[in-house]
Structure formats: C-alpha cells, structure tokens
2 protein chains.
Amino acid sequence: MSAAGPDDRRPWPDALKWDENGLIPVITQDAASGRVLTLAWMNRESLRETVSRGRAVYWSRSRQRLWEKGEESGHFQKIRAIRADCDGDALLLSVEQVGGIACHTGRESCFFRELRNERWIPVDPVLKSPREIYGSS
Amino acid sequence: MSAAGPDDRRPWPDALKWDENGLIPVITQDAASGRVLTLAWMNRESLRETVSRGRAVYWSRSRQRLWEKGEESGHFQKIRAIRADCDGDALLLSVEQVGGIACHTGRESCFFRELRNERWIPVDPVLKSPREIYGSS
C-alpha cells in the first residue's frame, strides 16, 4: 500500500493488506458526531458489498458470515467515505448512523467503557433498550 | 467483557480479549480534532506501559518489540482516556497528538487516502516532510 497512490494500477482491493484469514480491521466513525462507533472486520466480499450497497457490511467472525450492520436492529450505517491507512492494513468508514445507535446495548458507540482507577466504567447512556430495539423474543 | 462492569472483579487487563498472538487492536483518536489517527496493536506489556507512562506504547508487529509512539519523530501521544468496546476486543485511545502529526508521511492521520472512483486518492496535506521529521540520515 505504501506505493498505492493515484499511479497505482492494481485493482483497489488489491492495494490493501488482508490478514492470514483474509480480513482487514475496519474502524467506523459517525460523520456527524465524530464518535468512533465500532471496530469490526471485513473480507473482500463484505467490502465489495459495502461499496455496492452504500451501507456497511462486515464479516462476522463469530458467526462466520456476512453481516449487514442494522439487519436486525434497523440501525444501518450509510457510507459517506471509505479511507485506508498508510500501510493499507486498516480501513476507516465515515458513516451516517441510522438511529444514532451503533451498539447492541443501545448506546451510540460500542466504546462506552472508560478505564478509571483500574476499572472499566460505563460512561455513556443507553439511548434505547435492547428489548425495544430487538423485540422481546 | 460483556459482564465487565463496575462489579467485575477481574484485574482490568483480564477483562479484555487478547487474540491468539496476545494482541488487541487499538484505535487512536485526537482528543481535539476528533480525527482518527492510527490503528495499531498492543500486548499486555505495552498497555501497562501506556498507562504508567501516560503516553501511547504499542507493540510493533513488524519489529516485534515495544514501540513508544514518537520515540523517533518526537510525535508522542499523551493519553487523555482509554476506552474498551462492548466485546472487550478493541481499545480506543483519546490522545493529545504532539506536533499534530501521527503519520510517518508527515500527515495528521494515517488515514489520508480516500476511495474515489475505484482508486485510493491521498486527500490530506503533508504538514511536515518526513526528512524534516526524521532527519536526512
């Protein structure tokens, strides 16, 4: 990726460094609030789908399948921009977070715990209960 | 980590999920500008050092050693806050970026390339030449 500038003739996904599992870490940031919402992972297919759908599609490592963010919650992430870092081994999405909630706990961001006095303290409010988001089933 | 709240009695590093190499991905965000600066990695020792020094210390996967950000460039990252995500498998540092430059290319952020028309285009300015940062040696 270090040579991946405007002169790079490789197909754009090939300018990225995919790890030994074919994945790349993806930081997602709210375009409006600037909050870092999530760290997730993509494989090549999920990145292609993200671009073509205009919504974030990750690779779920736990479920081993493509996972469109919001498919259960309705909290989709509309893509505003996709950036790569200098090494080409990480991506940064700028998104419009539908509903203003990215975390399954009902918070804006998954990064809601802060280290204080050697403890992880939840410091952000729950905006909507998970029961309300996902239903009681 | 899902149970890691104020009642969690584990030592705080044990509430994190370290990968098969003993590492965790770390997003670093400028506290002032809100820009996402880097994605890097930490092992337990580098996280301990980060906390005790109050400056970001990563694990360099390429050099296989601890690496205090700024040790060559002077562009240290002073820690303002450390957050963990809901799964405990990623960290978010809020930092004061000394010099306003995090990237070895002399840019504020390592995420300076944007995907446009299937090409990675550098869209951020070089604030200081690498030669000036690192010397001509």
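1. The contact between the two chains draws 33 residues from chain B and 33 residues from chain A. The coordinates come from a predicted model, and the points below should be read accordingly. On the side of chain B that touches chain A, two or more residues each are given by β1 (24–30), β2 (36–42), β5 (77–84), β7 (113–116) and β8 (119–122) of chain B. By class, that side of chain B comprises 21 nonpolar, five polar and seven charged residues.

2. Opposite Glu114(A) one finds Arg83(B), a residue of β5(B). Inside chain B, β1(B) pairs with β6 (residues 91–97) in the parallel sense over five bridges. There Gln29(B) is placed opposite Ser94(B) of β6(B).

3. A further open sheet of six strands, again with mixed pairing, runs in the order β2(A)-β1(A)-β6(A)-β5(A)-β7(B)-β8(B). Its edge strands are β2 (36–42) of chain A and β8 of chain B, each of which pairs on one side only. Neighbouring strands here are turned against each other by 35 degrees on average, direction ignored.

4. In chain A, strand β1 (residues 24–30) and strand β6 (residues 91–97) form a parallel pair over five bridges. Thr28(A) faces Leu93(A) of β6(A) across this pairing, the two standing opposite each other. In general, the strands of a sheet pair through backbone hydrogen bonds, either parallel or antiparallel.

5. Which residues have the most contacts inside the largest nonpolar core? They are Ile27(A), Leu91(A), Ile27(B) and Leu91(B), in a core of 62 residues. Nonpolar side chains tend to be buried together in soluble globular proteins.

6. Leaving aside residues up to four places away in sequence, Ile27(B) touches Ile27(A), Val36(A) and Leu39(A) from chain A, and Val36(B), Leu39(B), Ala90(B) and Leu92(B) from chain B.

Terms used. Residues numbered from 1 in each chain as written. Chains lettered and ligands numbered in written order. Predicted model: local features only at pLDDT ≥ 70, side-chain atom pairs only at ≥ 80, totals over all residues. Contact = placed C-beta atoms within 7 Å. Helix = DSSP H or I, 4+ residues; strand = E, 2+ residues; numbered from the N terminus. Nonpolar A, V, L, I, M, F, W, Y, C, P; charged D, E, K, R; others polar. Pairing = 2+ DSSP bridges. Core = buried A, V, L, I, M, F, W, Y, C linked by C-beta atoms within 7 Å. Buried ≥ 20, exposed ≤ 12 C-beta atoms within 10 Å, placed from the backbone. Axes fitted to C-alpha atoms, helices over the stretch in contact; angles between N-to-C directions.
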